[in-house]
Amino acid sequence: MRLKRLRTAAQIGTICLVILVPLANKKGFTFITGTLYSLAVGPVWITDPLIGVQTVLTTARLDAVLLLSLLIPVFLAFALGRVFCGWMCPQNTISEWADRVAAKLGITRLFRPQPRALPRTIVLAAVLTATPLVGFPLASLLSAPGLISAQAGKYVVEGVVGLEAGLIGLIVVVEFFLVRRAWCNYLCPVGGFLGLFRLKGTLKVVFAEDAEHVCGKCRACVDACGLGLDPLGGNLYPLCHNCGDCVGVCEALKERGKPLSFRF
């Protein structure tokens with residue numbers, strides 16, 4: 001499936017970026033520097049919107065360079081939805097790999113709640129409210145992609161990782177044994193914040209039947225969703241991160257008429 005191959009390439013590319021950037025910097029190549037908190041490509045800075053807002057809250061001032069660095073990720077979110085989460089986030093990639101291993105081992109999670117955006121929204125609101133009160137960048141401690149890239153850089157340069165890396169291990173253990181995809185579905189403040197940047201025309205998964213596109217009710221799309229969402233039932237957003245797995249499996253079943261598609 002073309003979509004699946006493209007997404008896998010993007011995921012592996014991001015993992016390579018996280019590892020190769022600090023390696024290159026250590027050797028003196030600095031065209032690309034930083035982490036997934038904030039990354040510089042030549043003169044262009046790209047900052048995680050949640051980290052950018054957190055910086056404004058802790059410093060109580062607006063910086064033009066910081067605001068400009070938010071334009072690319074915010075534009076992408078408005079246009080393509082949470083594609084960072086589905087296509088690039090290293091935590092999502094690790095969670096997907098762990099989920100596949102759990103499936104092969106026949107692991108049954110202890111709890112099976114329905115995916116809901118409300119808990120994640122509460123976590124996001126708590127982080128944004130508490131940050132200016134404590135004067136400390138709390139979001140930095142809960143940004144899994146930022147933590148992974150920062151700790152990868154720390155390991156490359158110093159040969160050790162910090163205690164912050166424990167959060168990533170905790171996420172994997174919880175998702176492996178207790179709640180499937182707990183971080184993305186219920187807790188991640190980065191995904192919760194990116195989910196706010198939506199317009200009527202933002203790219204989305206659409207289920208639509210007509211004379212040429214008839215659903216065979218095979219529910220292969222439901223099985224394909226790593227987040228446990230039901231593309232046939234609608235109401236996918238803001239949880240859906242546009243990974244395209246459901247669309248890809250629907251396209252592969254050509255005899256079904258492909259009623260699932262991406263649309264703006």
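Predicted model: local features only at pLDDT ≥ 70, side-chain atom pairs only at ≥ 80, totals over all residues.
Local features need pLDDT of at least 70, side-chain atom pairs count only at pLDDT 80 or more, and totals for chains, interfaces and linings use all residues. Residues are numbered from 1 along each chain as its sequence is written, and side-chain values use heavy atoms, with hydrogens and water left out.

**T202 and the loop**

T202 sits in the loop between α12 (189–194) and β4 (204–207). Helices (H or I, at least four residues) and strands (E, at least two) are DSSP runs, numbered from the N terminus. T202 is buried, because its relative accessibility is 0%. Buried means under 20% relative accessible area, exposed over 50%, partly exposed in between (1.4 Å probe, protein chains only).

| Backbone atom | Distance |
|---|---|
| oxygen of F78 | 2.6 Å |
| nitrogen of L199 | 2.7 Å |

Leaving aside neighbours within four places in sequence, T202 is in contact (heavy atoms within 4.5 Å) with A77, F78, A79, L80, G81, R263 and F264.

L196 also lies in the loop between α12 and β4. L196 is exposed, with a relative accessible area of 55%. From L196 to F78 is 118 residues in sequence, and 8.9 Å in space, C-alpha to C-alpha.

**V173 and helix α10**

V173 belongs to helix α10 (residues 165–177). V173 counts as partly exposed, because its relative accessibility is 45%.

Note on methods
Polar contact = N/O pair within 3.5 Å; in protein donor to acceptor, adjacent residues only side chain to side chain.
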